[in-house]
Amino acid sequence: RWHNLAWPLAGAHRVVSPEGRLDAEGTLAEYTFALQAATRGAQLPAAQWRARGRGDRTQLAAQHVEIEALRGTFAGSASVVWTPALRWHAQLAGEGIDPGAQWPAWNGSLSLSAHASGDRTETRLVLERVRGTLRDFPLDASASAVRRGDAFPALAASLRSGTAIAHVEGRLAETWDLAWS
């Protein structure tokens, strides 16, 4: 159990957890865990987190992750393997999300589905869909990106709102190469 946990430990805190609890059973060779925590930050919406899963000396898997934030609920799973090589994967779906809860000018009601994965050299993100309304306009969007170091060798996004449609595809590195339509 904790109270007023913050990161970073010194200086201006980016994330604060006013309270939380982590219960674990087993040994490092095989354990289970359950987490409940509240978080907030100057640039982050307040959230309630719940997760449960299992792990061992080589990996950790949160089979159930639930986050209540922005007046909606996100649910998914995540895993990280650190032996023999670091790699991770996460998936998340959300319903009833209202960005206006944190950023008043961006009111709406959105659903989303996304997954991400990576290792020491690359991160891959796929926003399969975002649908709903944003600022009283219909929204249907998707995006994907690959990041290697400071570069994005693969980037794509598609957005539709009413009759407006936008697509972007290309890469971002020292030299940008993007096509818009």
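This note goes through a few local features of a predicted model.

1. Strands 9 and 10. Strand 9 covers residues 123-134 and strand 10 covers residues 137-148; the two pair in the antiparallel sense over ten bridges. Within this pairing, Leu127 stands opposite Ala143 of strand 10. The two strands form a hairpin, with two residues between them.

2. The turn residue Arg135. Arg135 sits in the turn between strand 9 and strand 10 and has a positive phi of about 55 degrees. Arg135 also lies over the face of Trp106, at 4.6 Å from the ring centre.

3. Strands 10 and 11. Strand 10 is joined to strand 11 (residues 151-161) by eight bridges, and these strands run antiparallel. Asp140 has Arg160 in strand 11 as its bridge partner. Here too there is a hairpin with two residues between the strands, and Gly149 in that turn has a positive phi of about 60 degrees.

4. Ser117. This residue belongs to strand 8, which spans residues 108-119. Is Ser117 buried or exposed? Its relative accessible area is 15%, and because buried means under 20%, Ser117 counts as buried. Leaving aside residues up to four places away in sequence, Ser117 touches Trp88, His89, Glu122, Thr123 and Arg124. Of these contacts, Thr123 and Arg124 fall within the residue range of strand 9.

5. Aromatic pairs. How many aromatic pairs does a search of the whole structure find? The search returns zero. The contact of Arg135 with the face of Trp106 is a separate matter, with a charge placed over a ring.

Definitions and conventions. Residues numbered from 1 in each chain as written. Predicted model: local features only at pLDDT ≥ 70, side-chain atom pairs only at ≥ 80, totals over all residues. Heavy atoms only, no water. Helix = DSSP H or I, 4+ residues; strand = E, 2+ residues; numbered from the N terminus. Buried < 20%, exposed > 50% of the residue type's maximum accessible area, 1.4 Å probe, protein only. Contact = heavy atoms within 4.5 Å. Pairing = 2+ DSSP bridges. Phe/Tyr/Trp six-rings, centres within 6.5 Å; stacked < 30°, edge-to-face > 60°. Lys NZ or Arg CZ within 6 Å of the ring centre and 35° of its normal.
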